[in-house]
Amino acid sequence: MRLNQVIDRFALVSGLCGEELSRWTPLCVDAMNQVSKMLRPNMTPSEADSLRLSAFAGVLAYYKYTLYSRGGIKAFTAGSLSITEEDDKSRRAKLLWEAERESVADLIAPEGFFFGRVRV
């Protein structure tokens, strides 16, 4: 994974740019570190796998961003102007993150407890 690829994916899904994007770069670093810890043991990703993992980390950073920046306007009316935010960004970001997680399932360790064979 490369940080610039993670930031590029985060920028793509968040729509942020410039100074606002750089303000949230620490989330990209945190997401990249978190994804690195999710990798299967003793795995060295190929260049193509690294791109997929960078996309996954960028979407994870976006999901965290939506959780940090919650509390937007649900409905606002001033005279003839009416603004309504109908969809929940955090819910959509989680769905996107889950889809990206499925795309890298072959690279990351399974979550939870794993029943496997043990040789004695």
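This is a predicted model: local features need pLDDT of at least 70, side-chain atom pairs count only at pLDDT 80 or more; totals for chains, interfaces and linings use all residues.

**Whole chain**

Colour by secondary structure. The protein has five helices and two strands, and the order along the sequence is α-α-α-α-β-β-α. Now colour by burial: of the 120 residues, 32% are buried. Among contacts with a separation of 6 or more, 73% join residues 24 or more positions apart.

Select helix H1 (3-14), helix H3 (25-38), helix H4 (47-68) and helix H5 (89-103), and show their side chains. These are the elements that each give two or more residues to the largest nonpolar core, which has 28 residues. H4 supplies the largest share, with nine residues. Within this core, Phe-10 and Tyr-65 have the most contacts. In soluble globular proteins, nonpolar side chains tend to be buried together.

**Phe-10**

Centre on Phe-10 and display what surrounds it. Leaving aside residues up to four places away in sequence, Phe-10 touches Gly-15, Leu-16, Leu-21, Trp-24 and Cys-28, and also Gly-58, Ala-61, Tyr-62 and Tyr-65.

**The aromatic cluster**

Together with Phe-10, Trp-24, Tyr-62 and Tyr-65, Tyr-68 belongs to one aromatic cluster. The count of aromatic pairs comes to six.

Trp-24 lies in the loop between helix H2 (18-23) and H3, whereas Tyr-65 is in helix H4, so the pair ties together parts that are 41 residues apart in sequence. Buried or exposed: which describes Trp-24 and Tyr-65? Both Trp-24 and Tyr-65 are buried.

**H1 against H3**

Hide everything except H1 and H3. Their axes are 10 Å apart, and the two helices pack at an angle of about 120°. H1 and H3 are therefore oblique to each other. The crossing of H1 past H3 is right-handed.

To see the contact itself, show these side chains:

- From H1: Leu-3, Val-6, Ile-7 and Phe-10.
- From H3: Thr-25, Cys-28, Val-29 and Met-32.

Note on methods
Residues are numbered from 1 along each chain as its sequence is written. Side-chain values use heavy atoms; hydrogens and water are left out. A nonpolar core is a set of buried Ala, Val, Leu, Ile, Met, Phe, Trp, Tyr and Cys residues joined through side-chain atoms within 4.5 Å. Buried means under 20% relative accessible area, exposed over 50%, partly exposed in between (1.4 Å probe, protein chains only). Helices (H or I, at least four residues) and strands (E, at least two) are DSSP runs, numbered from the N terminus. Contact means heavy atoms within 4.5 Å. Rings of Phe, Tyr and Trp (its six-membered ring) pair if their centres lie within 6.5 Å; planes under 30 degrees apart count as stacked, over 60 as edge-to-face and the rest as tilted. Axes are lines fitted to C-alpha atoms, for helices over the stretch in contact, and angles run from 0 to 180 degrees between N-to-C directions. Angles under 35 degrees count as roughly parallel, over 145 as roughly antiparallel, 65 to 115 as roughly perpendicular and the rest as oblique. A crossing is left-handed if the near helix is turned anticlockwise from the far one by less than a right angle, and right-handed if clockwise.
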